[in-house]
Amino acid sequence: MASPRPSPGTTHCSRRREALWALLTALVGLYLVVGLVMVAATGAPLEPDPGYLGVGLSLEPRVPSPQGPPLEVERPRKVSTRPQQGGSGEPGGPRVAVVVDDLGWARAGVEELLALGLPLTFSVLPGRPLSEEHLSAVREAGHEALLHLPMEPLRGDPGAGAIYVGMSEAEIRALLRRHLEGMPGVTGVNNHMGSRATADEAVMAAVLAEVRERGLFFLDSSTTASSVVTRVGSELGVRTLKNRLFLDNIKEKGAILGRLRELADIARATGSAVGIAHPSAALVEALREWTSERLDVELVYLSELLEGR
């Protein structure tokens, strides 16, 4: 027996239900699409903000071009008091200079280093909480002081008052003058960080032009193998030096002592060598032991390596 045919009214209702379901499905799909678009437009970024993570982004303000006459700074005085050192180095023999960086932040180790009675050169960061105190202590003890100039690195944050690639010559020189004005008596400048800035010819030409004008010298801290400091300095007639070793990458007495002995070996082979370290109790103890040994190298202030140049 054949199945009964649905009545026309039943067919019509079924079609209406199918149409309503299709319309409802379309509306839900449209709602979901619109919602996703709104989330994408107003929600969190797809990639982390490098500035938030503290990687490779600095928000240091640009320094305006100088207005009015150039800033004047006190000319550096020649260090007249040279503390006694241990060892048996003779004048004219191999010479070593040890530069202690990053003064201005913390007191730990600074007083003890000053009390060693050794001809150490101290480099002071500008505008830090203890910058003035440390600079005064270094000069009162008769030691040599440098401006530890913050400069743009490839990674990380050099801190306030830094020199950045892309700043104009006028901006760079005005900022450097301002730092020097606040640090009277320094004999030279060396870079804090600066792996990007010291590889940039325009930046270093501006920095070294100001250094030359003030009768100072520049120590390349050697934070990059791509540094142009020596070449640009030679072209501009600026006296430059180059760091050969960071002495305290491992902040333990034994490791630092080993690096000091390595620095002495470099001086024996080349006539002189510069090493950079940072204030710490381990450095104090390593220097005390190293200079008590029978050395054939002479520990000197950094500027003494420039004599005759």
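Trainee: Is arginine 155 buried or exposed, and where does arginine 155 lie?

Mentor: Accessibility is read in classes, where buried means under 20% relative accessible area, exposed over 50%, and partly exposed in between (1.4 Å probe, protein chains only). Arginine 155 has 65% relative accessibility and therefore counts as exposed, and arginine 155 lies in the loop between β3 and α5 (169-181). This is a predicted model, in which local features need pLDDT of at least 70 and side-chain atom pairs count only at pLDDT 80 or more, while totals for chains, interfaces and linings use all residues. Residues are numbered from 1 along each chain as its sequence is written, and side-chain values use heavy atoms, with hydrogens and water left out.

Trainee: How many residues separate arginine 155 and arginine 196 in sequence?

Mentor: Arginine 155 and arginine 196 are 41 residues apart along the sequence, and their C-alpha atoms are 8.6 Å apart in space.

Trainee: Where does histidine 143 lie, and what does the side chain of histidine 143 reach?

Mentor: Helices (H or I, at least four residues) and strands (E, at least two) are DSSP runs, numbered from the N terminus. Histidine 143 lies in the loop between α4 (131-140) and β3 (144-151), and because its relative accessibility is 3%, histidine 143 counts as buried. The side chain of histidine 143 reaches the backbone oxygen of leucine 120 at 3.5 Å, where a polar contact is a pair of N or O atoms within 3.5 Å, one able to donate a hydrogen and the other to accept it within protein, and residues adjacent in sequence count only if both atoms are side-chain atoms.

Trainee: At what angle do helix α8 and helix α9 pack?

Mentor: Two packed helices are described by the angle between their axes and the distance between the axes. The axes are lines fitted to C-alpha atoms over the stretch in contact, and angles run from 0 to 180 degrees between N-to-C directions. Helix α8 (residues 253-270) and helix α9 (residues 281-292) pack at about 50°, with axes 8 Å apart, which makes α8 oblique to α9; angles under 35 degrees count as roughly parallel, over 145 as roughly antiparallel, 65 to 115 as roughly perpendicular and the rest as oblique.

Trainee: Which residues of α8 and α9 meet?

Mentor: Contact means heavy atoms within 4.5 Å, and the residues that meet include Leu257 and Leu260 in α8 and Leu283 and Trp290 in α9.

Trainee: How do α6 and α7 pack?

Mentor: Helix α6 (residues 201-213) and helix α7 (residues 229-236) pack at about 50°, with axes 10 Å apart, and α6 and α7 are therefore oblique to each other.
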